[in-house]
Amino acid sequence: MSTNEVEITPVHGSTDHRFAWLIDPFARLVGTQGGGAAIAVYQSGRLVADLHAGDYQADSLQLVFSVSKSITSIAAARAHADGLLDLDRPMATYWPELDKPSTAGVTLRMVLAHRSGLASLAADLSFEELLAGADDEAIGRQEPYWEPDERHGYHAFTFGTLTNGAFRRVLGVTVGDFVREWLAEPLGLDVWIGAPAAIESRVERIRYRPSLNTAARAEHVSSSGIPGSNSGRLQATFDLYNDPRLYRTCWPSTSGVAGARDLARLFASTLDAVDGVRVVDEPTRRAMVAPLSDGVDAVLGIRTAFGSGVQLPFPHFPMVSADSYGHEAAGGSAVMASAELELAIGFTTNVFPNTMGVSPTLLALLPTVLSCARDESPRRPPRGTR
């Protein structure tokens, strides 16, 4: 490239006329972060933006880390509403190992709200042991880190162990099975928790940058005495997250595979019918997003907020409105919806942020998405849509 040439970040996909103003900021931000990314927006039940850039393809999929928790939350809300799984029933009534004084009162709703006290496993399990399901046995031996329902702290991995254990013991299926039958297939989604081998070539490999931390977070982690994850080995060896065996396993906290368009479509269908399908009715949606936890997180040391599994707006992830709900993920991907704006947004990326959590690229794009959603931009759309 000569000194007079400037590299252009092409953006592919489509938007309606209002969201065409999203194209240029998206190109600038993906060009700055490197790698690839996709963003999709539904408004009033319609797909109004569907863009990808960088080294992403139109059918790229991504391991979406803790966005998996929000998919699981919708599954749990649906199962509860249909009378299949009581989120407020003590788990010890169907899980004998939890029937001990310290955990006898734990409910699945406490788990979804990160209030069970079973925030992590003391057992240092290997990747192979976790793939074999050793976490299910280990959680039965685990003592809570605080009195259940007394406070909240992020259940980074055990959220999945406990929800999957409940679905298997009560419904006889995994969370992944339920998601496929009740959510993905009716909406035609490329969303899995436990993906088939046939789609593995479409899953973008994650790129890692040197990890960074803040002084406040580092001080809290060193003093809390609560491990932030299931096993230090998973955090220390990031390449495990590019292992196809992980995509295939059902870890409802971590192993979800999806595209941005499908995440947005799923969350849009919690607001209203999308192509005739609504995955939860309005009373169920309202119950799912009712605030249960808000304040300093016992594990993360920052303020977080949760309903029944979905994150609610908090300072590190303000989303798009006060009534928003969704989830960020360590790998940068995120999903959110707002009933007030009739808006759902899905974002995926293969660039793992230095500090773990929602991608700075998405955070920088949200004001533009809001401006487009409110139709505040000039009427004449820019050029550049492909």
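I started with Leu85, which is buried at a relative accessible area of 2%. The model I am reading is a predicted one. I placed Leu85 in the loop between α2 (67-81) and α3 (108-112). Next I listed what Leu85 touches, leaving out residues up to four places away in sequence. The list is Ala79, His80, Leu108, Ala166, Phe167, Val170 and Leu171. I then checked Val170 in particular. Leu85 and Val170 are 85 residues apart in sequence, yet their C-alpha atoms are 6.9 Å apart in space.

**Helices α5 and α6**

I went on to α6 (residues 158-171) and its packing against α5 (residues 134-141). The angle is about 100 degrees, and the axes are 10 Å apart. An angle of 65 to 115 degrees counts as roughly perpendicular, so α5 and α6 fall in that class. From α5, the residues in the contact are Asp135, Asp136 and Ile139. From α6 come Thr158, Thr161, Leu162, Gly165, Arg168 and Arg169. I sorted the residues of this contact by type: 2 are nonpolar, 3 polar and 4 charged.

**The open sheet**

I traced a sheet of 3 strands, ordered β4-β7-β5. The sheet is open, and its pairing is antiparallel. Which strands stand at the edges? They are β4 (62-63) and β5 (191-193). Each has a single partner strand, so one side of each has no neighbour in the sheet. Ile193 has Gly256 in β7 as its bridge partner.

I took β10 (residues 325-328) next and asked where its side chains go. Tyr325 and His327 point one way, Gly326 and Glu328 the other. In a regular strand the side chains alternate between the two faces of the sheet. I noted that all four of these β10 residues are buried, Glu328 included. β10 pairs with β11 (residues 334-338) in the antiparallel sense, over 4 bridges. I found Gly326 opposite Met336 of β11. The hairpin has 5 residues between the strands. Within this hairpin, Gly332 takes a positive phi near 105 degrees.

**Aromatic pairs**

I searched the whole structure for aromatic pairs and got 10. I wrote up two of them.

How are the rings of Phe127 and Trp251 arranged? Their centres lie 6.2 Å apart and their planes stand at 85 degrees, so I logged the pair as edge-to-face. This pair links distant parts of the chain, 124 residues apart. Phe127 is in α4 (residues 127-131), and Trp251 is in the loop between α10 (244-248) and β7. Phe127 is buried, with a relative accessible area of 4%. Trp251 also counts as buried, at 4% relative accessibility.

The ring centres are 5.3 Å apart and the planes are at 45 degrees, so the pair is tilted. Here too the pair links distant parts of the chain: Tyr208 in β6 (residues 207-208) and Phe352 in β13 (residues 351-352), 144 residues apart. Phe352 is buried, with a relative accessible area of 3%, whereas Tyr208 is partly exposed, at 26%.

Tyr208 and Phe352 belong to one aromatic cluster with Phe65 and Tyr241.

How values were computed:
Residues numbered from 1 in each chain as written. Predicted model: local features only at pLDDT ≥ 70, side-chain atom pairs only at ≥ 80, totals over all residues. Heavy atoms only, no water. Helix = DSSP H or I, 4+ residues; strand = E, 2+ residues; numbered from the N terminus. Buried < 20%, exposed > 50% of the residue type's maximum accessible area, 1.4 Å probe, protein only. Contact = heavy atoms within 4.5 Å. Pairing = 2+ DSSP bridges. Axes fitted to C-alpha atoms, helices over the stretch in contact; angles between N-to-C directions. Parallel < 35°, antiparallel > 145°, perpendicular 65-115°, else oblique. Nonpolar A, V, L, I, M, F, W, Y, C, P; charged D, E, K, R; others polar. Phe/Tyr/Trp six-rings, centres within 6.5 Å; stacked < 30°, edge-to-face > 60°.
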